[in-house]
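Morning, everyone. I'll take you through one chain, from the overall picture down to single residues.

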Amino acid sequence: MSTLASPMVTDLIAGTLPETLTAVVAGEWTAVDAGSPTFPVYDPATEEVVAHFAQTPVDAVGAAVENAHAARRGWARTAPVERGRVLARAAEAVRAHAETLALLESIDTGKPISQARGDIAVTARYLEYYAGACDKFGGVTIPQADDTFAYTVREPYGVVAHITPWNAPISQMMRGVAPCLAAGNTVVVKPSELTPLTTSLVAVLLVDAGLPAGVCNVVLGDGPSVGEALVRHDLVRHIAFTGSVTSGQRVGRIAAERIVGCHLELGGKSPTIVCADADLPRAAKAGALAVIRNSGQSCFATTRLFVHRSVHDEFVERVAAAMQGLTVGRGVDDPDLGPLVSEAQRDRVLGIVEQARAGGAEVVAGGHPPAERDSGFFVVPTLVTSVTNDMPIARQEVFGPVQSVLAFDDLDEAIEQANDTPYGLSAGVFTADVGRAHRVARDLQAGQVQINRYAGAGVEIPFGGYKASGIGREKGLEALLGYTQLKSVIVALA
């Protein structure tokens, strides 16, 4: 392994992770296979190599699944209250290591350390929430004739494969894994090859907190080899995938071929409608925050702002002002914005902005890397106006610090254009009229609608998409039920 560029990272790795990351099976790092390729992990703010990981061989992926399969019966038959106690201890273990996890997450993804700390707090909260839910769900009795008794039970699937994205590795992992474990399943997780650090560490912490060995395992590598081997394994009975539509379609096809269930949480092109009577300072702040937080690398970020023409110019001025003067830098220094996750992502974002400019849109702010930085994958906050709904920037998920503004005159027209997208993950409306707010919320085709706000919703609130944004729901009790299969039992009483 080459010398790590940052002494701070060296200390973190030496204190918490092996020199070369490997799969975590039964709570332990596996040995590095002599034939396995190793890959660098970069700090996207400096382009420095901060770690390496060994890609998990296909046969070792199978071993991880078999390990989870062997553990499934014991975990499923563990009393629900005891499962809850284990998850509660795991939440405390995450909190006890919160600063280490936040630093690793910030270095790995580039996000500001304050945002990374927030992600760690949410990770612990997922464990805590589902710890309390373990013994509070079940089946129902069904009225029948006098000589028959019928009831339903909810049972775990067995082994569930989780494939998680790079924008929020640890919280996205636990968003799916916590309810999955609470329901009595065992899991094998494959994080993005761009951001494997915290996923591997938290799998070890779970076992340290009392999770039985084999209940949560991690494999490392790319999607076409490791991910595909995982979701195709005969012992995997359910699949949870978060990522791009293209990859989700591939996973969905495999699930259909194998006739196993799947959760798909895919892309978004979320609209927000700003009415003439909206609280403009609040709406403008929300419009800017949507692409500032995590540098706009968020699937539910509202990135199409439909603004009534009567307040359009003032609104644009307010958003541009909110973007000006923001700091851009390395995540551990806690700037307003960190970098994008990779060079390819930065170039893609800049390319979409230039395409919009060439198509007649106006770049009011940003649209370029910061002049003062000579390394890192940065894009300054960008505001684009004179956008029309047929432009690629209004139809493609940019996944960067780019906000688009579209003017409208008629509310019904704005709703129609807001829904004119393959996606349906999130949406919003700003208005002082309560009736109008609820009517717009009713008519917007999205799995989540926010009124007079833009912010992450609590772990208790179901999250998922309409249309190409996905299948199934994460978060809340809906996720817990989604990781169970329903059995009906009918008894003859005489």
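H312 is buried, at 14% relative accessibility. The cut-off for buried is under 20%, so H312 falls inside it. H312 belongs to helix α11, which covers residues 312-323. What does H312 touch, once neighbours within four places in sequence are set aside? Its contacts are V307, V405 and A407.

One caution before going on. This is a predicted model. Please keep that in mind throughout.

Now the whole chain. How many helices and strands are there? The protein chain has 16 helices and 21 strands. Its radius of gyration is 23 Å, close to the 23 Å given by the globule rule for 494 residues, so the chain is as compact as a globular protein of that length. Along the principal axes, the C-alpha trace spans about 70 × 70 × 40 Å.

Next, burial and surface. Of the 494 residues, 56% count as buried. The chain exposes about 19000 Å². Carbon and sulfur atoms supply 52% of that area. As for contacts, take those with a separation of 6 or more: residues 24 or more positions apart account for 73% of them.

I292 and V380 are 88 residues apart along the chain. Their C-alpha atoms are separated by 9.3 Å. I292 lies in helix α10, residues 280-292. Is I292 buried or exposed? I292 is buried, with a relative accessible area of 12%. Leaving out neighbours within four places in sequence, I292 is in contact with Q115, L326, D336 and L337.

On to another helix, α4. This one runs over residues 98-109, 12 residues in total. From first C-alpha to last, α4 reaches 16 Å. That is close to the 16 Å expected at 1.5 Å a residue. The helix is mostly covered, with nine of its 12 residues buried. Which residues of α4 are buried? They are L101, A102, L103, L104, E105, S106, I107, D108 and T109. Note that the list includes E105 and D108. After α4 comes G110, with a positive phi near 90°.

Positive phi turns up in residues other than glycine too. Take S386, where phi is near 55°. S386 sits in the loop between β16 (382-385) and α13 (392-395). With 43% relative accessibility, S386 counts as partly exposed. Then there is K467, which is not a glycine either and has a positive phi of about 50°. K467 is in the loop between β19 (448-451) and β20 (470-471). Its relative accessibility is 39%, so K467 is partly exposed as well.

Last stop, the surface. Which residues make the nonpolar patch of about 250 Å²? F149, V491 and L493 make it. L493 is found in the segment after β21, the strand at 484-492. Why does L493 count as exposed? Its relative accessible area is 53%, and the cut-off for exposed is over 50%.

To recap, briefly. S386 and K467 are partly exposed loop residues.

Definitions and conventions. Residues numbered from 1 in each chain as written. Predicted model: local features only at pLDDT ≥ 70, side-chain atom pairs only at ≥ 80, totals over all residues. Heavy atoms only, no water. Patch = residues over 30% accessible without salt bridge, like charges linked within 9 Å, V, L, I, M, F, W, Y side chains within 5 Å. Areas by Shrake-Rupley, 256 points an atom, 1.4 Å probe, with all protein chains shown as cover. Salt bridge = Lys/Arg side-chain N within 4 Å of Asp/Glu carboxyl O. Helix = DSSP H or I, 4+ residues; strand = E, 2+ residues; numbered from the N terminus. Buried < 20%, exposed > 50% of the residue type's maximum accessible area, 1.4 Å probe, protein only. Contact = heavy atoms within 4.5 Å. Rg over C-alpha atoms; globule rule 2.2 N^0.38 Å. Expected span 1.5 Å × (residues − 1).
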